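Me: I would like to learn how to read a few features of a protein model. Please give the general idea each time, and then the case at hand.

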Amino acid sequence: MPTMIETESLRFAYPVDEGQKPVYALRGVDLEIEKGSFVVVLGHNGSGKSTLAKTFNAVLLPAGGKVLVEGMDTLDPDLLLAIRQRVGMVFQNPDNQIVANVVEEDVAFAPENLGVPTEEIRRRVDEALRAVGMDEFVTHAPHLLSGGQKQRIAIAGVIAMEPACVVLDEATAMLDPIGRREVLSAVHRLNKEKGITVILITHHMNEAEGADRVLVMNDGRVDLDGTPREVFCQVARLRHLGLTVPDTVDLLDRLRQDGWDVPLEALGVEECAAAVARALEKE
Amino acid sequence: MPILEIKNLTHTYGIGTPFQRSAVEDVSFAVEPGEFLGVIGHTGSGKSTLIQHLNGLLKPTSGQVLLEGKDIWAEPKKIRNVRFQVGLVFQYPEYQLFEETVYKDISFGPRNQGKTGDELDRAVREAARLVGVLDEHLEKSPFELSGGQKRRVALAGVLAMEPKVLVLDEPTAGLDPAGRENLMANIREYHRNKGTTIILVSHSMDEIARNADRILVLKSAHVLMSGTPAEVFARGEELLAAGLDVPQITRVAMALRDRGLPIDPAVYTVEDLERQLLALKRGGAPC
């Protein structure tokens, strides 16, 4: 698999008042993110996960080490535009990301700025809205849409740029359960059907279900890295990092401590129920 | 006597226009003093419209809101007193901070109530302490604080008015798991120590299940069900059909029951389900 994003001993510090010591938000991150993968990044507030995300399309530049996007160094100012066309970002607040009064104009904003020909813009806008399941809303006013719909418009706006990678920085945090499901299924579809690399930063452990890879950030470093199963099995470590484990894993962990023979890695509701039922039958 | 009673409340937006729509329709319920009531319902179910009636921000199109047995609109000029007694904390309240210092921001409400001097100082400091705002932050600008701390300051501003009923709209939205748990622990402790009636509006079933004595479920402008968490989650299929989430652990219980295991699906904590499963195992093989 070719590499989408690579970081080498990446360090970053936010500016501080003169005379004060810099506080590093990232203190040495080495990562390789494969093209076409679905990566979820977890971590408590202040763990560095949003900072990391912002280095992926050169919103923030490394203070040490480097970030390579398809081999392009984000420190090279000549490559800035090219990098931002390859990696698009979606942020937390749906109301801060919409610029136009009509859905289709909003989605067309990026390709227009890139000087894409008109017919091509039309094609991209329609396709992007279809990809996120919002094609019925082409001529709607964005402010009358729900939060989940607005976030999908924001995602379509990024897709219309035809990036290779989309980074969602807590893009589901302000949504209700239905909005969250809409956005998640839209990005999963983009990942499967268009092969777009998805990097999803979130507080919600359940959103890691179905990801190829889970990264857990702590104190500016990657603390855990693996498949959802591998990561969520580390119940004690996750708790130590101030994160919760999904209730399914919590139940299995407790039953194991009660002496039951159940696997820890049955993450989904059905899987978990099946594992518990099997253990009961054995008795 | 209930502290708050809602009688046949209807609120219609845009009366006489093509956009006429009732956001709340014929809703009745009562809240007992000291109760911790959870309100759930998805976006558009009428939650926000409903809670804005509780302190008179919205006036019912028809129906009544009674505070300690008195219609809050009986004397419209005194509605301000109702707002001191029913404290409403909106979603993302940190966006409403405006003062130069944390102390001044928290004291805005009680000052408007007419509190001065030592009484004011006590109310501000106590409210700050209750929600974990540090003393050393009181003289800082609220805008220098982190998001979670700002939210605590905003909450303290309402608590400082010492309301009899505290209404919280999604108090933990956007916080990380540790932040959510911390803030809810503060709210639980406040409820325990002060005995204040609390109405918690949330999308998170888990949060409601863990904290509320009783749950009110709203669906398209009506009350769909109300009862203890166990009673409400026992009707998990109906909740799912209404487009609401049920706690993940309740779904596991439902899936176990679908497999023919004698599990009571009215569980909403991991501990409860564990207890049931252990009992089942001790009782020999399930049928």
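Predicted model: local features only at pLDDT ≥ 70, side-chain atom pairs only at ≥ 80, totals over all residues.

Reply: Residues are numbered from 1 along each chain as its sequence is written, chains are lettered from A and ligands numbered from 1 in the order in which they are written, and side-chain values use heavy atoms, with hydrogens and water left out.

Me: How many disulfides are there over all chains?

Reply: A disulfide is a covalent bond between the sulfur atoms of two cysteines. The cut-off here is a pair of cysteine sulfur atoms within 2.5 Å. Searching the whole structure gives zero disulfides. For A:C233, the closest cysteine sulfur belongs to A:C272 and lies 12 Å away, too far for a bond.

Me: Is A:C233 buried, partly exposed or exposed?

Reply: Buried means under 20% relative accessible area, exposed over 50%, and partly exposed in between (1.4 Å probe, protein chains only). A:C233 has 25% and is partly exposed, while A:C165 has 0% and is buried.

Me: Where is A:T51, and which side chain does it join in a polar contact?

Reply: Helices (H or I, at least four residues) and strands (E, at least two) are DSSP runs, numbered from the N terminus. A:T51 sits in helix α1 of chain A, residues 49-55, and is buried at 7% relative accessibility.
A polar contact is a pair of N or O atoms within 3.5 Å; within protein, one must be able to donate a hydrogen and the other to accept it, and residues adjacent in sequence count only if both atoms are side-chain atoms. The side chain of A:T51 makes one of 2.9 Å with that of A:Y14.

Me: What covers the buried residues of α10(B)?

Reply: Contact means heavy atoms within 4.5 Å. Helix α10 of chain B (residues 248-258) has eight of its 11 residues buried, so the helix is largely enclosed by the rest of the structure. Among the buried ones are B:I249, B:V252 and B:L256. The cover includes α9 (247-257) and α10 (269-282) of chain A, together with α7 (205-211), α8 (229-233), α9 (236-241) and α11 (270-282) of chain B.

Me: What comes after α10(B)?

Reply: B:G260 follows α10(B), with a positive phi near 90°.
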